Amino acid sequence: MKCLLSRHTLGKTLGRVFQRVSLTLGVIKCKAAVLWEQNKPFSIEEIEVAPPKAKEVRIKILATGICRTDDHVMKGTMVAKFPVIVGHEAAGVVESIGEGVTTVKPGDKVIPLFVPQCRECNACRNPNGNLCIRSDITGRGVLADGTTRFTCKGKPIYHFANTSTFTEYTVVDEFSVAKIDDAAPLEKVCLIGCGFSTGYGAAVKTGKVGPGSTCVVFGLGGVGLSVIVGCKSAGASRIIGIDINKDKFEKAMALGATECISPKDFTKPISEVLSEMTGNTVEYTFEVIGRLETMIDALASCHANYGTSVVVGAPPSAKLLTYDPMLLFTGRTWKGCIFGGWKSRDDVPKLVSDFLEKKFDLDQLITHVLPFQKISEGFELLYSGQSIRTVLTF
Ligand SMILES: NC(=O)c1ccc[n+]([C@@H]2O[C@H](COP(=O)([O-])OP(=O)(O)OC[C@H]3O[C@@H](n4cnc5c(N)ncnc54)[C@H](O)[C@@H]3O)[C@@H](O)[C@H]2O)c1
Ligand SMILES: [Zn+2]
Ligand SMILES: [Zn+2]
C-alpha cells in the first residue's frame with residue numbers, strides 16, 4: 001500500500017515536472033510574412049516567437065486564407081501598428097500552452113479568433129452580443145498583457161486582430177482560440193475563422209433572413225458569397241447578387257443567387273432598378289464591399305418600411321457618411337455585424353461540426369491554394385479579381 005502510494009505521488013510529481021517543461025518551451029524561430037510599413041509588400045522573414053505566457057497559447061498555423069481585411073491594413077484603410085504580422089483567417093494545431101490554460105492542449109486542432117470571447121464582458125454575457133471587449137478593433141497590436149510575442153531583427157513586431165496568422169507560429173490569448181473537431185480538414189475550415197462565418201452569420205444570425213424572402217447582396221467576394229449561402233439556407237426565394245465584376249456571377253449563381261446584375265449596366269440608381277425588378281419587395285440587403293456609397297445604396301434598396309440592411313463590409317477608417325434620415329424614418333432597420341454576430345468560442349466549433357455534417361460547402365469558395373511563401377501572389381489574385389479565397393498552406 002505504502003509502495004503504491006509513493007508511486008502515485010512520484011507520478012504526480014513527474015507530471016508536474018513535465019508540465020513545467022512544456023510550459024517553459026523556448027523561443028521558436030520560424031518564417032513569417034512581415035509588413036514593415038504601410039503600402040509596402042510583404043517580406044518573408046525569419047522571426048522569433050516567444051513562448052506563451054500565462055493564459056496564452058502558441059499555435060502552429062497550417063492553413064490561412066487571404067481576406068480583404070488584411071489588404072485594408074496594408075493600405076491603411078484599417079488601423080494597425082507597424083511593423084505587423086497580419087492574417088486572421090486560419091487553422092492550426094496547438095504547439096504549447098502557458099500556465100493556467102484549460103480549454104486547449106498541445107496537439108489540439110484549433111481556429112484562432114479575431115473576435116475573442118472572454119465570457120466575462122457585457123457583450124459576452126448578453127445573449128445577443130458578440131463583440132467582446134477584448135477585441136482589438138482599435139489596432140493596439142499586443143496581447144492582453146500589453147506586449148508582443150514576435151521579434152524580427154531585434155525589433156518588436158505587432159500582432160493583428162488578436163490572431164496574426166501569416167506566420168508559421170503565432171501566440172494568442174486563450175480567449176482568442178477555439179478547439180475544433182479532430183476530423184476537420186484545416187485547409188478548408190480555416191475559412192470558418194473569418195470569411196465564411198462572417199457572411200453566413202450576417203444572413204442567418206444578424207439579418208435573420210426569413211423563408212420566402214427577397215435578398216440582395218452587394219459585393220460577391222468570399223464574404224458576399226457566404227452571405228448568399230446563408231440566405232439560401234434560410235430559405236430565401238430570391239437572391240440577387242450585385243458586383244461590378246461580372247466574372248463573379250457564375251459562382252454566385254452556383255451558390256444560390258437567383259440572378260446577378262452589375263450597377264455599371266444601369267444609369268438610374270440601383271435602388272430603383274431593384275425595386276422595379278422585384279415589385280418593391282426587397283426585404284434584406286447586405287453591403288459586403290466596404291464602401292460608403294454602396295452602404296447607402298444597400299440601405300435605400302431594402303423596403304422603405306419593413307426592410308433590413310446589414311453592413312458587413314469594413315468601413316474605411318476616419319470616413320464619415322452623410323445620409324437622408326428619411327431612409328430610416330419610414331421604418332427601415334440598419335444594422336452591422338462583426339464576424340457574423342457569432343459568439344466565437346461557442347459557435348466556431350459548432351460551425352466546424354456543421355461543415356463536417358455537410359450542412360454547407362466550403363470548396364466552392366476556395367479558388368486557389370498556394371504555399372505560404374507565395375503570399376504576394378495570393379494578394380495579386382485578390383487584386384485582379386480572379387480569386388474568391390486563396391488558402392496558403394505551410
Ligand atoms: N464585418 C466583418 O466582420 C468582416 C469580416 C471579413 C471581411 N469584412 C469585409 O467585408 C468586405 C468584403 O470582403 P471580401 O474578402 O469578400 O472582399 P473581396 O474584395 O473579395 O470582395 C469584394 C467584392 O466587391 C466587388 N465590388 C467592389 N466595388 C464594388 C462596387 N462599387 N459595386 C459592386 N461591387 C463592388 C468586387 O468586385 C468584389 O467582388 C471587405 O470590406 C472586408 O474588409 C468584414
Ligand atoms: Zn477577414
Ligand atoms: Zn468578452
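Me: Contact means heavy atoms within 4.5 Å. With that, which residues does Val171 touch, not counting residues up to four places away in sequence?

Reply: This is a predicted model. In it, Val171 touches Val49, Ala50, Pro52, Glu56, Val57, Arg58, Leu143, Arg149, Phe150 and His159.

Me: Where does Val171 lie? And why does Val171 count as buried?

Reply: Val171 sits in strand 8, residues 169-173. Buried means under 20% relative accessible area. Val171 has 0% relative accessibility, so it counts as buried.

Me: How far apart in space are Val171 and Lys205?

Reply: Their C-alpha atoms are 30 Å apart. In sequence, Val171 and Lys205 are separated by 34 residues.

Me: Switching to the metal. Which residues are the protein donors of the zinc ion (ligand 2)?

Reply: Cys67 through SG, His88 through NE2 and Cys194 through SG. These donors lie 2.0 to 2.3 Å from the zinc ion. Their sequence spacing is C-x20-H-x105-C.

Me: Where in the chain are the two cysteines, Cys67 and Cys194?

Reply: Cys67 is in the loop between strand 3 (56-65) and helix 2 (68-75). Cys194 is in the loop between helix 4 (186-189) and helix 5 (195-206). The two are 127 residues apart, and the pair links distant parts of the chain.

Me: Cys67 and Cys194, buried or exposed?

Reply: Both Cys67 and Cys194 are buried.

Me: Now helix 2. Why is helix 2 largely enclosed by the rest of the structure?

Reply: Because six of its eight residues are buried. The buried residues of helix 2 are Thr69, Asp70, Asp71, His72, Val73 and Met74.

Me: What do the buried residues of helix 2 pack against?

Reply: Strand 3 and helix 12 (375-383).

Me: On to Thr206. Which helix is Thr206 in? What is Thr206 in contact with, leaving aside neighbours within four places in sequence?

Reply: Thr206 lies in helix 5. Its contacts are Gly201, Val310, Lys335, Gly336, Cys337, Gly340 and Gly341. Thr206 has a relative accessible area of 9%, so it is buried.

Me: What about Gly224: where is Gly224 found?

Reply: Gly224 is in helix 6, residues 222-233. Its relative accessibility is 0%, so Gly224 counts as buried. Beyond residues up to four places away in sequence, Gly224 touches Val217, Gly219 and Val288.

Me: How far from Gly224 is Asp243?

Reply: 9.8 Å between C-alpha atoms, and 19 residues along the sequence.

Me: Zooming out. How many helices and strands does the protein chain have?

Reply: The protein chain has 12 helices and 17 strands. Of its 394 residues, 53% count as buried.

Me: Why does the radius of gyration agree with a compact globule?

Reply: A compact globule of 394 residues would have a radius of gyration near 21 Å, and the protein chain has 22 Å, so the two agree. The C-alpha trace spans about 85 × 50 × 35 Å along its principal axes.

Me: What share of contacts between residues at least 6 apart in sequence join residues at least 24 apart?

Reply: 71% of them do, within the protein chain.

Note on methods. Residues are numbered from 1 along each chain as its sequence is written. Chains are lettered from A and ligands numbered from 1 in the order in which they are written. This is a predicted model: local features need pLDDT of at least 70, side-chain atom pairs count only at pLDDT 80 or more; totals for chains, interfaces and linings use all residues. Side-chain values use heavy atoms; hydrogens and water are left out. Helices (H or I, at least four residues) and strands (E, at least two) are DSSP runs, numbered from the N terminus. The radius of gyration is taken over C-alpha atoms; the globule rule is 2.2 Å times the number of residues to the power 0.38. Buried means under 20% relative accessible area, exposed over 50%, partly exposed in between (1.4 Å probe, protein chains only). Donors are N, O and S atoms within 2.8 Å of the metal (3.2 Å for Na, K and Ca); water is not among the atoms, so sites may look incomplete.
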